[in-house]
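Dear colleague,

Please find below the structure that I am handing over to you.

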Amino acid sequence: MSGFDTGFVIFPGITQLDFTGPFEVLSRLGTPPSLERASRFPDVRAHVVSKALDPVVSDRGLAVLPTCTFETCPPLDLICVPGGAGVVETLADGETIGFIRRQGCRATYVTSVCMGAFLLGAAGLLNGRRATTHWAYVDLLPLVGASHQKARVVRDGNVITAGGVTSGIDFAFFVVAELAGPEVARAIQLGIEYDPAPPFDSGHPDKASAEATSLMLRRNEAARAGVRRGLERWTSI
């Protein structure tokens, strides 16, 4: 592999872990400037892409600096679209949706994390596909022509969608294993010590208490309504 360009599309109001989780995994296939690339690691170049080079502020206030714009971004072999509260406003941004559509139509891997699935959907990239997204939004997937498959990571052809937030780390390991082999993926997993042992077994509604599930559903009511309204723009075209 002579080179593999990955691009992470960021926008105001992203959930930073949707983006930084898979970025951390996939970028480790690249070569730090001071190190020689290991022979089994393909030459992966990671790009952080936005409309402009200004800092992009996440939904929790963390500022992220893009490395290229829509105009200067190279053709991508993998495009990753994160989610976050900013998805609602980004659904009304034809420039961002257009970029996702153009790059997604040629990429080897078309991927999303969490609510980023709806930006893929608005770009017409989920029509007829099996997909997943954050558990609180899965019932909205048919609005973009997708059918929900209950899984943490769902692959349908060259489209890979991940569930909520931390699921992006898992999808990234899936891609690394395809690009460089399972042993490289395992080595990177060891390198970042990805060995989850959470203090609570409450990471999915199948396991969470009714009280926790109800609380999170109430917190997501406004965003769900916003996503539904935003998708109406694209489903009516």
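Helices are DSSP runs of H or I with at least four residues, strands are runs of E with at least two, and both are numbered from the N terminus. In that numbering, Glu193 sits in the loop between α6 (182-191) and α7 (210-219). Please note that this is a predicted model.

Overall form

The chain contains eight helices and 11 strands. Its C-alpha trace spans about 50 × 45 × 35 Å along the principal axes. Among contacts with a separation of 6 or more, 66% are made by residues 24 or more positions apart. The accessible surface of the chain is about 11400 Å², and carbon and sulfur atoms supply 54% of that surface.

The interior

Of the 237 residues, 49% count as buried. In soluble globular proteins, nonpolar side chains tend to be buried together. Here the largest nonpolar core has 68 residues, and the members that touch the most others are Ile79, Ile100 and Val227. Helix α5 (residues 167-180) gives the most to this core, with eight residues. Leaving aside residues up to four places away in sequence, Ile79 touches a group that includes Val9, Phe99, Ile100, Ala107, Tyr109 and Val110. Gly7, Gln103, Gly104 and Thr111 are also among the residues touched by Ile79.

Aromatic rings

The structure holds seven aromatic pairs. One aromatic cluster is formed by Phe8, Phe19 and Phe23.

Most residues other than glycine have a negative phi. Cys114, which is not a glycine, has a positive phi of about 60°. Cys114 is placed in the loop between β7 (109-113) and α4 (116-122). Glu193 is likewise not a glycine, and its phi is positive, near 50°.

Glu193, by contrast, has a relative accessible area of 67%, so Glu193 is exposed.

Yours sincerely

Notes
Residues numbered from 1 in each chain as written. Predicted model: local features only at pLDDT ≥ 70, side-chain atom pairs only at ≥ 80, totals over all residues. Heavy atoms only, no water. Phe/Tyr/Trp six-rings, centres within 6.5 Å; stacked < 30°, edge-to-face > 60°. Buried < 20%, exposed > 50% of the residue type's maximum accessible area, 1.4 Å probe, protein only. Contact = heavy atoms within 4.5 Å. Areas by Shrake-Rupley, 256 points an atom, 1.4 Å probe, with all protein chains shown as cover. Core = buried A, V, L, I, M, F, W, Y, C linked by side-chain atoms within 4.5 Å.
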